[in-house]
Amino acid sequence: MTAPVTGEKMMIFRRTVYLEAVTVQKGEEQRVSSRDTLGQTLSWVADLGSLWKYSPASIYLSESTQPRAMDLLGLLKSQFLCHLVFCYVFIASGLIINTVQLFTLLLWPINKQLFRRINCRLSYCVSSQLVMLLEWWSGTECIIHTDPQAYPKYGKENAIVVLNHKFEIDFLCGWSLAERFGVLGGSKVLAKKELAYVPIIGWMWYFTEMVFCTRKWEQDRKTVSQSLLHLRDYPEKYFFLIHCEGTRFTEKKHQISMQVARAKGLPSLKYHLLPRTKGFAVTVRSLRNVVSAVYDCTLNFRNNENPTLLGVLNGKKYHADLYVRRIPLEEVPEDEDECSAWLHKLYQEKDAFQEEYYRTGTFPETPMVPPRRPWTLINWLFWASLLLYPFFRFLTNMISSGSSLTLASFVLVFFVASMGVRWMIGVTEIDKGSAYGNIDSKQKRND
């Protein structure tokens, strides 16, 4: 027989689950912890029964991992050496893939659709590594709130995804959405032209016919439209991700944006910048009858979390909520002015959804969690097993040589790699975004 539980702590060893019972009596919490083994489950239940006699106030159970193991794992994930491994695998595999993509250009005049299918797979090998960091390394959870009747259509149709642009990892959440529905490899973005020259990601985008813009409409009017028209016969399903705000939300940018809104006689927005409508209008016009719907996506994070790519790399777990509305493309007006008015109304609705989220902590509609697919993890493990062994062997031989010149070269390479890692992370930081707030208001009124 197990002795009744009194006020002091009691530990019963279990194998897999760490449970904690907390009794509340006279305003003080008293905790009873246990780890589960099959043979002692009944004694744990008996002890819980005795708790009722000891404290009739309340009992609750919470499930968590063992604190010490969590601390060690968190410490491991925060180590720069782990970050360096991830970045080495990403950079080395990315350059290999870019090289293979270069050779696939030979297929373009022979079989354009085969070229596209191959580059979709090659693109997935790169972008899925970042999604793996979010879903597997960080363990970030993303709950989708949507209409259950629309849910089965996700991933089975081409769609324009309109996502708010407030967080440093919102683009990564958009990629995760595409991955959960199996369309990450073929998905597109409307990106600023400077990104096309960034090694690995930018080069990969070039081969997958990503749409680039200069944010100067007179230059973009023709080039963006032509790029979009090329996607009409694309052989893979895709999400076309577009941030209509054009840049990430900051208070300074928001103040300037609302000055423009007042000058144009538009309602003010509290949680978004004024959307840039011309890019959206030309996207809808160019992809009509190819894209089936607009997915209006509104992203937020619980408990006022402020997620960063560095936090993801450190293994920090975030908790995201994403409200997805499926709007048939037939409901979007064809006329450019009417389409612009429709988009402004959409952002007013997005603002209202954000207001409700901050008030209630949830979005409308039914919460759902699409299953996490294993392919992002499998892809990273493949490249890691292929690239890490020769790297560590080379590293060991270099250090064991004892040459001061060799060691100095290693330190230099290590320093350059660390700076490269910091630069790649810095690209995503909010304060490194485009200078929306520094553009003259008169110029903005003509956008």
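Which residues form a nonpolar patch on the surface? Select Leu102, Phe103, Leu105 and Leu106: together they have about 440 Å² of accessible area. Patches are made of residues with over 30% relative accessible area and no salt bridge, with nonpolar side chains (Val, Leu, Ile, Met, Phe, Trp, Tyr) joined within 5 Å and like charges within 9 Å. A salt bridge is a Lys or Arg side-chain nitrogen within 4 Å of an Asp or Glu carboxyl oxygen, and accessible areas are Shrake-Rupley values with a 1.4 Å probe, only the protein chains shown counting as cover for residues.

The model is predicted: local features need pLDDT of at least 70, side-chain atom pairs count only at pLDDT 80 or more, and totals for chains, interfaces and linings use all residues. Residues are numbered from 1 along each chain as its sequence is written, and side-chain values use heavy atoms, without hydrogens and water.

Stay on Leu102, which is found in helix 3 (residues 80-104); helices are DSSP runs of H or I, at least four residues, numbered from the N terminus.

Next, select residues 83-108, one of the spans that an unreviewed UniProt entry labels "transmembrane region". This span is 85% helix and 0% strand, with its end C-alpha atoms 37 Å apart. Strands are DSSP runs of E, at least two residues. The UniProt entry also places this feature at 377-395 and 407-425; such annotations may be inferred rather than shown by experiment. Residues 377-395 are 100% helix and 0% strand, with end C-alpha atoms 25 Å apart.

Finish with the cysteines. The whole structure has zero disulfides (cysteine sulfur pairs within 2.5 Å). Select Cys297: its sulfur is 9.3 Å from the closest cysteine sulfur, in Cys142, too far for a bond. Cys297 is buried, at 1% relative accessibility; buried means under 20% relative accessible area. For Cys339, the closest cysteine sulfur is in Cys244, 9.1 Å away and too far for a bond. Cys339 is also buried, at 1%.

Notes
Buried < 20%, exposed > 50% of the residue type's maximum accessible area, 1.4 Å probe, protein only.
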